[in-house]
Structures are given as C-alpha cells and as structure tokens.
Amino acid sequence: MEEYPEELRTPPLTLASIVGYPELHSLISTHLLSCQPPINTFALPHFSKINLFNNKSHHPSTTLLTGIFKRDWLLKHRSQIPSVLAPIFPSQHVFGDPSHWLQLCSDLDSIKTVIRGRNIKLAVVIVQTNAHDEVSDDRMIALRKRAEVDAKYVITLNPNDNSELKQSLNSLANIFSELASAYYREEGRRIKQRIEKKNVSSPELIVRYCFKVAVYAEFRSDWAEALKFYEEAYHTLREIVGVTTRLPAVQRLVEIKSISEQLHFKISTLLLHSGKVTEAVTWFRQHKNAYKRLVGAPEATFIHWEWMSRQFLVFGELLETSAVTTQSFSPVISASKPLSDWEYYPAYYYQLAAHYLSEKRAALELAISMSETSSEIDCVADSVVPSVYVGQFARLLEQGDNVEMLSITDEEYTRYAVSEGRRFRDSLEIIALQKKAYESYSSMKIERMGSYCGFQMGKEYFTEGDIDNAKQIFDSIASLYRKEGWVTLLWDVLGYLRECSRKNGTIKEFLEYSLEMAALPIKSDIGVQRDTGPAGPANLLQRETIQKEVFDLVSEASGLATNEKLSNFKFTGGESLQLEVDLVSPLRLVMFASVAFHEQAIKPGTSTLITVSLLCHLPITVEIDQLEIQFNQSDCNIFIANAQKPQLVEVSGIQQHRVETVPSLSLESNKWLRLTYDIKSDQSGKLDCLVVLAKIGRHFTICCRAESPASLESLPLWTLEDSVQTVPLKDPVLVLSGQKSTQVEEQDPRVDLHLDASGPALVGEIFMVPVTVLSKGHDVYSGELKINLVDVKGGVLFSPRDSEPYSTDSHHVELLGISGPEGEDDSQLDPDKIKKIQQSFGLISIPFLKNGDSWTCKLEIKWHRPKPIMLYVSLGYTPYRDESNTQMVHVHKNLQIEGQTAIVLNHHFLMPFRRDPLLLSRNKQALESDQSQTLPLNQKTVLIVSAKNCTELPLRLKSISIEADDDVGERTCSIQHANVELSEPALIVPGQEFKKVFSVSSDLNISKLRLGTMVLRWRRDLGVGEKSASAATSSWVMMKQKLPDTNVELPPLIVNLECPPYAILGDPFTYYIRILNQTQLLQEVKYSLEDAQSFVLSGHHNDTVHVLPKSEHILSYKLVPLASGIQQLPRFSMTSVRYSAAYQPSNPSNSVFVFPSKPQFKNAASTNFRVESVAAIE
Amino acid sequence: MIICVAVVGHQNNPLFIQSFTEADDALKLHHIVHCSLDVVDERVNNPKKSGSMINETFLGLLYPFENYKVYGYLTNTKVKFILVTTDLDVRDADVRNFFRRFHAAYVDAVSNPFHVPGKKITSKTFVERVSTIVKSFGLSSAG
C-alpha cells in the first residue's frame, strides 16, 4: 500500500485558498483544518501570486489523447487548485482611503479573471482590527457588486475580539465548505454532462471523466456517487482492454492494469470504509478474475505476476486495517458464488501475494536469462522515467534546458522493467509476506495454513542461505506433520532440515534427520516430483540411499568421509556420537526397545527372565556390534556382544560385568529382535531397566529408553500403515502385563515379635504392654522398634472438640513411656541409642541380639477416655554386621486393646427423715424439668456418693472424699466426713456398688452452693499378692468427678411429721404434725388428713390454720393401729395459700411398722442403730 | 478437472490421497489438502458462521487457492473427503454428486473385513473405482 502516492491513499480534502493579509493565515488554516470535515488551506501571502492558478495549459484533450490519467491530476486538485478563493482585505482598505479602495478593486478584478476560467468560488474576508472602525454601507454594497458575491459571502473578522473571532471563523468555515461543495458539485456535473452527451470520442476519455466525477464526489464526501463512478470507470476500462491500440501491446496492458489498480484500490477502500466487507471481498475476487488471464507478452509475464502480487498484498493490508474498525462481518452465502471464510482473512491474501511474487521471480529470472548482456539493459534503463500519464513510461531526453519525453518501444520498456525488477530482492519480500501470513494464521490458531506459509518461508530462507532461520521454521512445522502423520510433507521438510544440518556441519542433527527420513513409512513412489527439494523423491530407494549414506558415515573408522557430500563432517579422534531415543522422540521409528521382566516380584538371590525386544523401521538390515542393557542397579547390567565382531567387546572396564555373546545381532526392517536372559539381584527394592544402548561401529551409539510392553505407546506413523501389527513378545500374557521393572523383595525375617496384654485397659491407670523380641535364626543388628497408636475406627487419637474435662491431656490415649527390661535403666543406655516418645508414636532402638536371644520392654499407655485402640509395633533390623549392606528386614505386629471405664461415680441428696421443707423452686421445677437440685438453707442434708465397679475385675478402693475446688476461694458449705480415708482398702467385686454418706449443711445466705469434687482412689485388686503389695508399692489411680452446683433457698414452711419409731397393735399413739413458719409473714395453711384402713384416727380431717411468723403450729392426732406389719399412716396433705403450693410427704416417710404385741428388745441401742441404717440405705 | 482427492482420518491423518495431474505438483497438492483441514475444522467448530450447515455432510467450497478450488465433505464418522479441482466454474450439484459416489466407494472399501479401521486404504479396487468416479466428474452436466 505504501507504494501508492499519498493522494491516492487518503480521502481527498476540500481545498480553499486565502490571499493577502498573511498575519491571519496560520490562524485561519488551523481553524479550517480542525473543522468537520476538515478543509485544507492554500494560502497566498500576496495578490500578485494568484496567477499561479492561471497556468492552465489548454490542451484540446479530445484531439490528442496520449494517456488515460495524468499522474498529477489528483495531487493538483488536492493541493493547488482551490475550490474557494477568499481575498482578505483590511477594513481600512475597504472603508478608508479611496486610493486603497481603488487598489482593492483592481486586486479583485485580477482575482476574478483568474478564477473565472476554473469556476472557483469567491468569498471576501474583511479584517476589522478595531471594533469602532466606521463601516460604510455604501462601500460594502460596492464591494459586493465588485466581487459579484452575495452578502453572506462577505465575512468580517476581528482578530482582537476573541469571542467574536471564534464565531466569525466558524461562519467562515461554513461558507467555505458550502462554496466548496457547490464548486465540486458543479465541476462534477460539468464533466458528467460530457459523459452523458455520448459524443466522447474515445472510451479512455470516459474512464478519465468517470474518475474525475468520482473524485469530485469524494471531495464532497458523497461516497455513494464516488463509488458508482469509480466502478463505471473500472468497467469501461475493462472493456477497452482488447480494443485500444493506442500504445504498444506491453505498455498498453501495463497502463490499463495500473489504472485498474488505482480504481480498484479506490473502490475497495470506499467499500471497506463503509463496512461492506463482503462486497469488497466479492469485488476483489471479480477484479482478480478479470485480470488474472491478462498475462501479456511472454517476455513480460513477470510484470503481470508482480502486479497480481501487489493486488493481493494491497487488498490484504486494506482488509487488515479495516478489520480493526469493523470487527463483525457475516459472510453472505449467495447461491452462485459462495465466499469462503478464508477470503476474509488478510493472511490469505498475503499468502497469495507471496505466491504470485514467487511466480514473478521465476518469470523474471527467465526474462533475464533470455535477454542479452546485462550492461546493455542498464544503459537503456538509465533514461527511462515514468511519464506524465499513469502507467506510462517514457525516455527523458535532455537537450540543454529543454527536456523532452519520448515514447519508447515495448522492447525498451521490457528491458527497463527487467532492470528495475533486478534491483529488488524478491526473496526478502516473499519471506516478509509469508511471515505476515504465518504470524496471522498462528495468532488465529490456524496451524496447517500457517505451516504451509512457514514451509514456503523456510524454503526461501534456505535458498537465501539463512540456514538458522530456515531450520527453526522447518523444525516447528515438522512437529505438526509428525503429529498428523503427513509422511510426504514430513519427508520434504526433513529433507530441508537434513540439508540445513549438513550445511551447518552439525553431525548429530544430520544423523537424526537422516535416520528419521529413512525410517518413515514410505513404501512406493507417490508420483514423480519435479520440485522435490533436497529430500529427493519420496520412495523406498531414496530411503535406502539415505540410510546407506548415514551408516557409511558412522562406520568410517578413520573419520575421513569419502563421500564428498559428507565432507563437512569430521569425527575427531575418540569422540563418540550418541543418539537418544525417548518416548517422545521421532527417532522411536529408527530403533525402539521394549523390555519385560517375566515376573513382577522376585526374591533376592533368585533369578528371573528378562526379554529385550528391539524394533527397527530402517529399510536395510542393521548390524549391531554390541548391545548394553543398563539397570538402576548397575551390577545387573548386561553386555551382549555380536560374535561376528568380537574385537569390539574388549573395551576396558567391563570385565567385571556380565558379557553374553550371540551369533548375530542384526535388526531386520520391521521385525522384532528378541533376546531373553536370566537375571538376579541381591539387593531388595526396585530393579528397573533404564536404557538399551546399541553400538554400531566404533563411535556411534543409539540409546533407547526402555519401555514396558504393558504401557507401550504405538509408533506414531507406522500404526497408520496398512501392515500387520507385531508385538514385542511372543507370550501373549507378558505383552499385556510385562513391565520394564520388577520388585526385589526383602528377606524373610527370622525374628519373633510378641505383644502381650492382659485384658482390657482401664481408664486412668497406666497400662503396661510387654513387647518381646525373640531372635530365631538371625542376629539382630541396629534394631529399631517403632510403636504407633492408632484409633481403631481410623483417625487420630485426639479430638479438640470434646477436650474440656481433660484439657491438660488432649490425647485420649497416650503413650507415656517405654521401660526397658528389668535391670536396665534409661541412664545406662548408650548415647547413640535412640529413644523417642511422642503421644501416639514411639521409637526405641534395641541392643544387639545374638541368634536365640530375646529382649523385652514394656510400653506404658494411659487411657483418658474409654476407647479401643490398635497398637502397631514394627521391628526393623539388619541381619548382618556389615555396614555397607543396609538391607533392613522388617517384622510387624499389631494388637487391639480395649479401654474401659473402671468406676462410675453417682451421688444423690436426702432430707432428714420425716422432715420436709417447702421449697418453692422445687415445686416450680416439678412442672418443668428437674435440672438441678435445690437444698434448703440452714438444714442438714444427706449426700450419698456411690461408686460402681463397671469392669470385670475386682478393684480395691482406698478412699472416697470430697475436696474443695481449688478455684473457689472459700467453701460455701460444710461437709462432714469429707476427708476421712477408709481404714483398709475396700474390695469391690465386679458390679458391686460402694456407698459413702456425707452430710451437707450450709448457713450462708447464698443461692448457689459449690460442693466440690468427689475424689476416688483405686487400683486393681492384685488377688493373691494383695497382702504384700498393699504397702503402697503399687500406685493408686485417682479419679475425680466434680459435684454439680446446687441451689439453696430458704423454705418458708417446714413440715415435721412426728410419730414413734414403731407402734403396737391396738395401742394408741400420738401423731404430731408440726408446721414451722420461717417467714416474717402470717401463713394461712389448708390441710387435710385422709383416713387410713389400718388406723383409727381422732382429730380434724380438714381445716385451715394460720401460722404466726417465726412460730410453729402443731397438729396432733391420736391413732390406734388396727393391723400389724408395715402400715401406711393417714395421708397428710397441705396447701400454703400464700404460695399456692401444695405439699405431700413422701411415701417412705409416711409409714410405720406395727408390731402385733409389744416386742422384747434386748438392747434398745441396737434397735435404734438398725432403724437408722435402714434409713441411710434407702 | 479433478486433480486430487483425499480421505482424511480422525486425527487429520491422511488415509488416502491420489492426484490426477500430469504436472509434478503432487507435493503441493498434499499441502493444499492438508491446509484445507483447517477450513474443515473451522466449519465444524463454528457451524453458526457458515449458516445452515448443521447435519450437512457436504461442506461446499472450502477455499480457493491460486488456481485451485478445494471442496470438502464430512462423513458421519468424521472422516473427511477433500476434492481439489482446477475448474473455474464448478456446479455444486456436480460436486455433491461426486462426493456421494466417492462416499459409497469409501464405505465399500472400509467394509472389507481385512481392512483395519483407521489405517490407510490400500485397496486397488478402491483406487480403480475412484479413478472412474473422477473421470466421470462433470460429464453428467456436460451431456
């Protein structure tokens, strides 16, 4: 696009001219340029210069036609011929001195004469520097008459008044654009009339007129009309291709093409700018098709191809620039000529531009070779220049000052064109174009098109000798062809790459590319190719040739290549060349190794079989001199020597290794070479085959990564071939499951590990688990015991959520320590012996044990929660003293241990017998839920603590006590017998309950009572050893449980039932009911006493009494028992009116034993005791 | 005149490619067929852009390149047929007809019990049949 002149590339701007008063020129021209649409200004400082417009040469264009467009016509209209001319007069010239006025009039006259011939519009600008200058209407009218302009075309400017100046400049711009559009319209109409009259002598003139009309339309921004006339000009031009005979044939075609190019460019630009992408693309296609066949004379075809190339390039550039503005387009699929999406991509055009440019180059080379000596061409070309007409060339003849243009013959022109063409390096241009296309396609992820561009680009680089760039591009596109299996394309690319590496002298790459080529699946000729590139024709013969060349090269012992092609490469002495073949390498085709162990796991020292299979796709059988199979355990490496070439095996340093000899190591094309050997390893762990090295000749090695048959990836290109697929092994099971590595197991342990645990563990106690290591055939060196405690359900032995009661020890089960065998103390342990204990993990080293010895330790484990755990103990040791052999042998044992709660503590409160306080809150609670207990104030309450053995073992109890909480400052109650120890540890058998009675009383006037913590000391009953062990040698387990806080309140009423401890049948006794009012208020009490069957009763059944404050009311009844045995007393119930609280005594307190006759007690005291104890148990 | 036909597999690998031209531009035709796969991909991935092409095996003109026109056809098993012609004026109906016959020949070739799906087609019968179809291309419209 850059080769086009500026005036063609940009839309034309209106041109206005101002004359005189140069001080204002820059102000006016800047303002006009900033208008919308902008106006260019052609400023003349003085009136004398206006004759510039007058130099129009009046050629009678109809008579002598020499060209279609003048080269400078458009430029002239854009920069020299204004549409409007505005003289600027200072106001004092207009309204002042008559001498000035006269001068002004003459200036105006001269302007008028100049512009009349061209129809240029006139406007007058008066500059009024002083606002108070007088303005004479007469002079104004005179001026308008003189200038023959309307009143509105006379503008007054005042440069000193900013606000007014702005306004007048705007009106100036408006008037200019109005006049300009009138000018261009009239000019256009004038020329249009010429076309419409149909009396135009030649079609060339029609083309010219149409072009002019279109340009004038463009000046007025009438794009539709411009487009219409450009198209008309274009079509008219196309019609005269075969008709006109004005010029010699070659030049005629050149001129027509140049003009059509200009017209086409204009049309495309207009279409694209108005967003009509589809139309533009369609138009381009028509343009291309219309001129594609107009190749012209055979000696000048390169001109045609160059022109074609330029069409594509320019359109591509136009499309690219417009694509920024018009993003979305929808291809219209018309039925007749569908457009493909591809025609919307600029890259497509660049690609084709490059293609035509290479056509041009070929044609040009032909033309050069056909023409005579080059010096002659040059001297001819010297004086040829572009003529005044577009697309024409002429010889410049200088005779003194006189310059003359002479027309030239076709032959001269061709020579000129050839010499011009030789000046350009087309390769660089082609590379640039292909690169543009390549990058554009790549950015759109259009890989294959991009690759084709890359291929062309690489070819150009290659011919240019830019090997590095060529290689880089070829490498990148080769991978795509490899991936998709386009063998013929890959072949060609590899051919170039091979040549590149040959030129660079990189022997390794040369070998890689050559071998890959030789191994490609090409069987028969795909057709004779003329343009084959350096690869040569893709066929079997060529593959064989390449392979031979490579193997000749590597087998040259001396390093002097006899082949002249390969003389670039030199082996320096002793240097070896190794090609790596891994899973992704394209050289897998060349050689590929599959390794399978016949067993997945072996014992150390026992042998198993290993099969190594090699496959090669090279066309000629390859003789391998030596194979080396390498493992991760280098002791196992195997060397396989070819018996036919024995001298090569004697490489130093391999004597210690295993060397096998086979009669022949030849790899036939596409046939597996299978070798099976036995192998054994003494070292446990993984035995992995790493690589298989094939040595060919003295210096050349192919290193194949070993692959498992089970996870064998098929060879990329050969799988697509229609040939029988072979497998690396004959054994069908191994083919599916064979692995290139095997597991060497460790030795069987000959050591026993015992874990003994006696029954379940109890929460709180330190539980001992003895661990015994017993050697049975192995010495134990550097033994190590690992202990792990694991939750049976899985998961850790720790839960942060419910850690409240045991906040200090967050683990539910804890490994406290490991005590060594008897007599061994921790301090005596060697410093290098490890002993590490964490809460659920322990590590301890054990001393050297001879065969038959044993060693014991004890694990101390403490449970904080009842929980089953799994105890894992593992022993690792080496059976040999040898330091180097660090093969550990492992023994594992595990044991599940239950954790149980030993003792469950309970407690409850009791009131004194037959004495009931009215506790208001308790009544309320009865309705809701009995959450916490309430005790009466100032009253003694009995607290019974019971401890129940929940285990299946007898336990010994040392003490039950209630201790005050540490965090409470003072005790809020007094507890009797709180810290009294049992005289002798009590035995509790499984299921038995042990009780202890405390009495609690509180006289502080508080609402909450903190009772403290129950503390229990116990241990397991040691059975027979109990007597001896009781002397505090064995530790007592302390168990604590906090007593809940209780409420205390003052009961307003206390009811006391008084009756004798027993009654005798028929013997009357008195039953007192005392109602004690503890309040300061008078209490009204309703009571009732129900009849009982066993008693005769005297007294009120129902009544209401008033109990005075702080006093007691006593109800007394006489009762006569009628039946013996335990009998229910008459039921007493009472309601406190004030508190609306009813009271009923509990059942046990409401019965009495009736003897049939007066009993004879031996001892009154014992009777008393019995009755009390009965009460206590209840 | 048809100068090249090709069958392209799932991985965009060539299964069959045959050129019918005296000029030695077989390699170039391979390139053109390979490039046309980009267009097929684009068509298949953006069916909206190309209008009512959904469920249509015939892909129409893929792209014009130099003097060639490339047409495409996509079978239900996602095997692509590519046709390269030098004719300037090709009728869609002719191309459709060609592809229909070519498809039939392909189906017969891969139905051979000895043919492994996904491998190159080497059947001689197929080659002969394709040559016949190629030779008769456009004749129906002419006659």
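## Contacts of A:Val493

Setting aside neighbours within four places in sequence, A:Val493 is in contact (C-beta atoms, placed from the backbone, within 7 Å) with A:Phe455, A:Phe474, A:Ile477, A:Ala478 and A:Tyr481. The model is predicted, and local features need pLDDT of at least 70, side-chain atom pairs count only at pLDDT 80 or more, and totals for chains, interfaces and linings use all residues. Residues are numbered from 1 along each chain as its sequence is written, while chains are lettered from A and ligands numbered from 1 in the order in which they are written.

## Helices H18 and H19 of chain A

Helix H18 (residues 467-484) and helix H19 (residues 487-504), both of chain A, pack at an angle of about 150° with axes 9 Å apart. Helices here are DSSP runs of H or I, at least four residues, numbered from the N terminus; axes are lines fitted to C-alpha atoms over the stretch in contact, and angles run from 0 to 180 degrees between N-to-C directions. H18(A) and H19(A) are therefore roughly antiparallel (an angle over 145 degrees).

Residues meeting across this pair include A:Phe474 and A:Tyr481 in H18(A) and A:Val493 and A:Leu497 in H19(A).

## The nonpolar cores

A:Phe176 and A:Val493 have the most contacts inside the largest nonpolar core, which has 243 residues. Such a core is a set of buried Ala, Val, Leu, Ile, Met, Phe, Trp, Tyr and Cys residues joined through C-beta atoms within 7 Å; buried means 20 or more other C-beta atoms within 10 Å of the residue's own. Helix H13 (residues 346-370) of chain A gives the most to this core, with 12 residues. Another core, of 49 residues, lies apart from it and includes A:Leu785 and A:Val1048.

Methods:
Helices (H or I, at least four residues) and strands (E, at least two) are DSSP runs, numbered from the N terminus. Angles under 35 degrees count as roughly parallel, over 145 as roughly antiparallel, 65 to 115 as roughly perpendicular and the rest as oblique. Two residues are in contact if their C-beta atoms, placed from the backbone, lie within 7 Å. A residue is buried if 20 or more other C-beta atoms lie within 10 Å of its own, exposed if 12 or fewer, and partly exposed in between; C-beta atoms are placed from the backbone.
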